[in-house]
Amino acid sequence: MPRDRLDWALVVVIAFLAVVNVADNLVAHAALVLGPVGAAGLLALARWAGLSWAELGLGRGTWLRGLRWALAAIGVVAVVFAVGAALPLTRSAFRDSRYDAGWGHAALTAFLLIPVGTVLFEEVAFRGVLWGLLRRRHGTAAATAVSSALFGLWHVLPSLGLAQAEQAIGSTVGSGSSGQAVSVLGTVLFTALAGVVFCELRRRSGSLLAPAGLHWATNGLGVLAATAIFAWAS
């Protein structure tokens, strides 16, 4: 594979991620279009750069194994979230005011907006294309470190109002400018570490389905848990 193609592909992927990140935070539900279209475009770019489907986590022989990993991850997260939401000590961690809008909105978010607008694009972009390109060029450790760091930075804009939206965070760091800065930094660090876990799932399973399952579970089940808590309180 020509190295110049790899380098150009990496530059294009990172630039495209920056554009999508800004657009998605300026235009409501833009990710519903940018997600599938962007994922397809990034996969085409990676194939042009010479990556195989297996290097992208989409090899034919990986689907069943990836599905098993994904289902196991979803099951573990479901149990942890159910216990956390049920216990008074940890319940406030799930109180996100963005999801105090009823079960219809929760279902739409958990089963459409998150899988199509978030998980699909982010897994293809970060654990598929970006990780695959970096791994081919610089090795597994560098691929995991760089893609996870960029995944953390990807969450700067979405986390700007987090201190106001989540009760547990707001009560801990405050809702002023300093509290917002702390919440943004915490979100970046947490999602970067989550990126490392996602990359390791991708490496161990050989499939994008494994990190996609865990990614959906932490986001989608989190929405359902928050909605359930608000519903019980009312």
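What volume does the second largest pocket have? About 160 Å³. The model is predicted: local features need pLDDT of at least 70, side-chain atom pairs count only at pLDDT 80 or more, and totals for chains, interfaces and linings use all residues. Residues are numbered from 1 along each chain as its sequence is written, and side-chain values use heavy atoms, without hydrogens and water.

View 1. Thirteen is the count to look for: of the 13 lining residues, Leu58, Leu120, Glu123, Val124 and Leu208 are the closest to the centre. Helix 2 (31-49), helix 5 (103-138) and helix 10 (209-233) each give at least two lining residues. The lining has 12 nonpolar residues, no polar and 1 charged. (A pocket is an open set of points on a 1 Å grid where a 1.4 Å probe fits, with protein on both sides within 12 Å along at least five of seven lines; lining residues have an atom within 4 Å of a point.)

**View 2. Helix 3 against helix 10.** The axes of helix 3 (residues 63-86) and helix 10 come within 8 Å and cross at roughly 25°. The two helices are therefore roughly parallel (angles under 35 degrees). Residues in contact (heavy atoms within 4.5 Å) include Trp63 and Phe81 in helix 3, and Leu209 and Trp232 in helix 10. This contact has 18 nonpolar, 4 polar and no charged residues.

**View 3. Helix 1 against helix 5.** Here the axes of helix 1 (residues 3-26) and helix 5 come within 10 Å, crossing at roughly 155°. That makes helix 1 roughly antiparallel to helix 5 (angles over 145 degrees). By class, 15 are nonpolar, none polar and 4 charged.

Notes:
Points joined across faces, edges and corners; volume = space filled by probe spheres on them. Helix = DSSP H or I, 4+ residues; strand = E, 2+ residues; numbered from the N terminus. Nonpolar A, V, L, I, M, F, W, Y, C, P; charged D, E, K, R; others polar. Axes fitted to C-alpha atoms, helices over the stretch in contact; angles between N-to-C directions. Parallel < 35°, antiparallel > 145°, perpendicular 65-115°, else oblique.
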